[in-house]
There are 2 protein chains.
Amino acid sequence: MATSQFRAAAEAELNKRTEIAKQFVQFYYSLFDNPDRSQVAQLGNLYNDQSMLTFEDGKFFGKQEIMEKITGLPFQKVAHSINDFTVQCLFTGILVSVGGELKVDDEANALQFSQIFVLVPENESYIISNDLFRFRYS
Amino acid sequence: MATSQFRAAAEAELNKRTEIAKQFVQFYYSLFDNPDRSQVAQLGNLYNDQSMLTFEDGKFFGKQEIMEKITGLPFQKVAHSINDFTVQCLFTGILVSVGGELKVDDEANALQFSQIFVLVPENESYIISNDLFRFRYS
């Protein structure tokens, strides 16, 4: 395949997976930020038993540990907003890097964060195999 | 396999790949920061024709485009230092997130950056299949 054809095919595949990633991440944060905190448990559908979360320096293996961490976070309200969003293709998956800020409860100041997801196909949809979350202090 | 055995196996594998990633990333930045800029071309050995680099909003497909970008960066001297380093296992690969700062030429101020690598096995070593670089402005 000529180089320009290879590049065009790579770009087309990247655009396709970028669309999937956008919808997935939008759905993820809409569940995460749901004012009805009982709905947050639905995030569990987006992980499986092989998933891993690194949250700051904490390591959480599998859906159960991950959901215990997420549902135990110490706030009643949270709102994420995204500043940068970058996608690359992995073998059958999608690598997503998100930078943004979040506000918790009635705090005036937003906290900068970065989050990396690896999405992999499962049952005609995608799940999160890898999730790395870190606050960014200035 | 019992849950605790699964977790112990997952942690052991993570520790193993974390060691590999540390050595790899240390080697990568030592090449990148080499005062003899002619040596930087050796970074080309760490990418292949399927590799992708996202540098800020620029997309570079394959070793050739990536090396043109890297060797064309507008400085004579650069020094990276790492503040945070996080690793997770991928199917056969390694996901690495680096946060740090870099100084170029004789600038007094360091620039904050974050960089994500996916390392995959090739020829009894690893190459970079995915590289996402972004400056972090406060």
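These legends go with a set of close-up views of a predicted model. Residues are numbered from 1 along each chain as its sequence is written, and chains are lettered from A in the order in which they are written. In this predicted model, local features need pLDDT of at least 70, side-chain atom pairs count only at pLDDT 80 or more, and totals for chains, interfaces and linings use all residues, while side-chain values use heavy atoms, with hydrogens and water left out.

**View 1. Strand E4 of chain B and its two partners.** Here we're looking at E4(B), residues 94–104; strands are DSSP runs of at least two residues, numbered from the N terminus. Of its 11 residues, 9 are buried, that is, under 20% relative accessible area with a 1.4 Å probe and protein chains only. E3(B), residues 78–89, pairs with E4(B) in the antiparallel sense over 11 bridges (pairing takes at least two DSSP bridges between the strands). Cys89(B) has Ile94(B) as its bridge partner, and the E3(B)–E4(B) hairpin leaves 4 residues between the strands. E5(B), residues 111–122, is also antiparallel to E4(B), this time over 9 bridges, with Glu101(B) partnered by Gln112(B). In that hairpin, 6 residues sit between the strands and Asp105(B) takes a positive phi near 45 degrees.

**View 2. Strand E6 of chain B.** Because 10 of the 11 residues of E6(B) (125–135) are buried, the strand is largely enclosed by the rest of the structure. E5(B) pairs with E6(B) in the antiparallel sense over 10 bridges, and Val120(B) stands opposite Ile127(B). E1(B), residues 47–55, runs parallel to E6(B) and is joined to it by 5 bridges; look for Tyr47(B) with its bridge partner Ile128(B).

**View 3. The largest pocket.** A pocket here is an open set of points on a 1 Å grid over the protein atoms alone, where a 1.4 Å probe fits, with protein on both sides within 12 Å along at least five of seven lines; lining residues have an atom within 4 Å of a point. This one has a volume of about 1300 Å³, taken as the space filled by probe spheres set on the points. Its lining has 48 residues, and nearest its centre lie Leu90(A), Phe91(A), Leu90(B), Phe91(B) and Thr92(B).

**View 4. The second largest pocket.** About 490 Å³ of space lies here. Among the 23 lining residues, Gln112(A), Arg136(A), Gln112(B), Arg136(B) and Tyr137(B) are closest to the centre.

Technical notes: Buried means under 20% relative accessible area, exposed over 50%, partly exposed in between (1.4 Å probe, protein chains only).
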